[in-house]
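Have the viewer open and follow along.

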Amino acid sequence: MPLFFLSYLCNMAKIIKKILVANRGEIALRVMRSAKEMGIKTVAVYSEADRKAPHVVYADEAVLLGPAPSSQSYLKGDRIIEACIKLGVDAIHPGYGFLSENADFAQAVADAGLVFIGPSARSMQMMGNKLAAKHAVKDFNIPMVPGLDEAIADISKAKRVAQEVGFPILIKAAAGGGGKGMRVVEKMEDFEEQMNLAVSEATSSFGDGSVFIEKYIGSPRHIEIQVLGDTQGNVVYLFERECSIQRRHQKLVEEAPSALLTPDVRKAMGEAAVRVAKACHYVGAGTVEFLCDENLNFYFLEMNTRLQVEHPVTELITGLDLVKEQI
């Protein structure tokens, strides 16, 4: 077993008596409520603008991080860790957004002898980039969209790949999300222009212009599987949420269970999600996303290495408190 994972298990073995929630607003309150029901003390962090925010009032203790801009407050991981050490905090829950998928922060938390309530830094690194994620799961029998599983910058080579895959194709940013750096190309005449646009947008949005090419799946349904992993290598799936209703690649409606899936497809997709999680030694709550075509063929899209905004939908159909399960 890798040394990074052994050290992670040692940290996770600690008894948690006090949690700092490195976030604000609804998710901070949501985590604190579950922690308090478990008899665990909570610490809030806040910016000068959030001095009287509900999560600050609700917590047992609160720490001022800095001025209103998040870059001077909620994104200051070093200040958050300093506060934990000063107040005798055992663990940090990152919520979603801010530092929740920052591998450097997760590693710094572990290095400080604290528990990061989420996956290891290594797991984040493996799944944080779409190409890295494809490489991580390729030996685990995971259905993949036909296409190229490496970054490509050479226009002539990219054209040959597009021809082999067959139009329509999708150019995607490797470090992308939310539809940024993504272009659908219907014919070869438009390819070069659209690729240049995708690279430019990816560079400006993520600081990384790497793109890859996939077959475009027409009229897809977007299905995400909730998974939970423990520190012993066990992973379970908690069924699906369908999030096909979107605007500009942003989810508008989450529904569970999906009216699309048959019991057999649901089982196959859930088991595939478990294999994805095991491929990166995943610990905690995460979401594996798939595209599903009109024939119920499904393909791995990406993994979100955190508790998602939409997690209460799964809680409603399972009766489980995912934050308690994380802790």
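Let's begin with Phe239, which is partly exposed at a relative accessible area of 40% (buried means under 20%, exposed over 50%, partly exposed in between, with a 1.4 Å probe and protein chains only). Phe239 isn't a glycine, yet its phi is positive, about 70 degrees. You'll find Phe239 in strand S10, residues 235–242; helices (H or I, at least four residues) and strands (E, at least two) are DSSP runs numbered from the N terminus.

A word on provenance: this is a predicted model, where local features need pLDDT of at least 70, side-chain atom pairs count only at pLDDT 80 or more, and totals for chains, interfaces and linings use all residues. Residues are numbered from 1 along each chain as its sequence is written, and side-chain values use heavy atoms, leaving out hydrogens and water.

Asn141 is another non-glycine with a positive phi, about 55 degrees. Asn141 sits in the loop between helix H7 (130–137) and H8, and is exposed, with a relative accessible area of 63%.

Now for the cis peptides. One joins Phe167 and Pro168, with omega about 0 degrees; Pro168 lies in the loop between helix H8 (155–165) and strand S6 (169–173). The bond from Ala256 to Pro257 is cis too, omega near -5 degrees, and Pro257 belongs to the loop between strand S12 (250–251) and helix H10 (263–279).

Finally, the sheet: five strands, open, parallel pairing, in the order S3-S2-S1-S4-S5 (a pair needs at least two DSSP bridges). S3 (61–66) and S5 (115–116) are at the edges with a single partner strand each, so one side of each has no neighbour in the sheet.
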